[in-house]
Amino acid sequence: MLDATVFNCNVLTLPKIHNRAGNITALNNSMDIPFDINRVYYLYDVPGGEDRGGHAHKELQQLIVAVSGSFDITIDDGCNKKTVSLNRPYYGLHIIPGIWRDLTNFSSGAICLVLASHRYDANDYIRNYNEFIKMKTCK
Ligand code: TYD
C-alpha cells in the first residue's frame, strides 16, 4: 500500500472467445485475473463532462473494464502518474491498493465494469489527496 507504484498496475488482455455471431469474455477467479472477486459493480449513465473516482483504497484491488464505450483512468502513486484509455471490452486495468485514481472523458453510453477483491467498505477509502500523499513513502 505505502510503496505501491503505478508501474505495478497493468492493462491485462482478457480472454476472448470469438464467434461470427459475436464475442464472449469470461473471467474466472484467480485464473484470468490476479485476485478473487467479491463484488461486481458498474458505472453507467455518466453525464457528459462528469468525472468519477477521486480516491484511493487501502486494501481493495480492482480490475476496470470499458465493456461499452470509452473513458480514461489516471492513476497516481504520489510520485508518478499514468493515464490509460480504455475502449475495448477485452482490456482491463488492474489497480492495486494504494493508488489514487481519476476516471474522466466518459463517452456517451459508456459502461465501466469494476471487479473488486472485497465487498464495499467505506473505511477502505482514502478520499483526501493530501492524506493520501502523507501515507506514501515516495514524496
Ligand atoms: P464511489 O466509490 O465514490 O464512486 P466512484 O469511485 O465511481 O466515483 O461511490 C459513490 C457512492 O456509492 C458512495 O456513496 C458509496 C456508494 N457505493 C456503495 O454503496 N457500494 C459500492 O459498492 C460502491 C462502489 C459505491
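Me: In this predicted model, which ring does the charged end of Lys16 sit over?

Reply: Happy to start there! Reading such a contact takes a charged end, a ring and the distance to the ring centre. Here the charged end of Lys16 lies over the ring of Tyr90, at 4.3 Å from the centre of that ring.

Me: Thanks. Let's turn to aromatic rings. How many aromatic pairs does the structure hold?

Reply: The structure has seven aromatic pairs. As a general idea, a pair of aromatic rings is described by the distance of the centres and the angle of the planes. Take Trp100 and Tyr129 as a case: their centres are 5.1 Å apart and their planes make an angle of 85 degrees. That pair is edge-to-face, because planes over 60 degrees apart are counted that way.

Me: Is Trp100 buried or exposed?

Reply: Trp100 is buried, because its relative accessibility is 7% and the cut-off for buried is under 20%.

Me: Next, strands. In which sense do β7 and β8 pair?

Reply: For a strand pair, look at the direction and then at the bridges. Strand β7 (residues 71-76) runs antiparallel to strand β8 (residues 81-86), and six bridges join them. One of the contacts to look up is Thr74, whose bridge partner in β8 is Thr83.

Me: And how many residues lie between β7 and β8 in the hairpin?

Reply: Four residues lie between the two strands of this hairpin. In the turn, Gly78 has a positive phi of about 100 degrees.

Me: Which residues other than glycine have a positive phi here?

Reply: Two cases to look at are Asp45 and Asn105. The phi of Asp45 is positive, near 55 degrees, and Asn105 has a positive phi of about 55 degrees. Asp45 is found in the loop between β4 (39-43) and β5 (52-57); Asn105 is in the loop between β10 (100-104) and β11 (111-116).

Me: Why does Asn105 count as exposed?

Reply: Asn105 counts as exposed because its relative accessibility is 55%, and the cut-off is over 50%. Asp45 is exposed too, with a relative accessible area of 66%.

How values were computed. Residues numbered from 1 in each chain as written. Predicted model: local features only at pLDDT ≥ 70, side-chain atom pairs only at ≥ 80, totals over all residues. Heavy atoms only, no water. Buried < 20%, exposed > 50% of the residue type's maximum accessible area, 1.4 Å probe, protein only. Pairing = 2+ DSSP bridges. Phe/Tyr/Trp six-rings, centres within 6.5 Å; stacked < 30°, edge-to-face > 60°. Lys NZ or Arg CZ within 6 Å of the ring centre and 35° of its normal.
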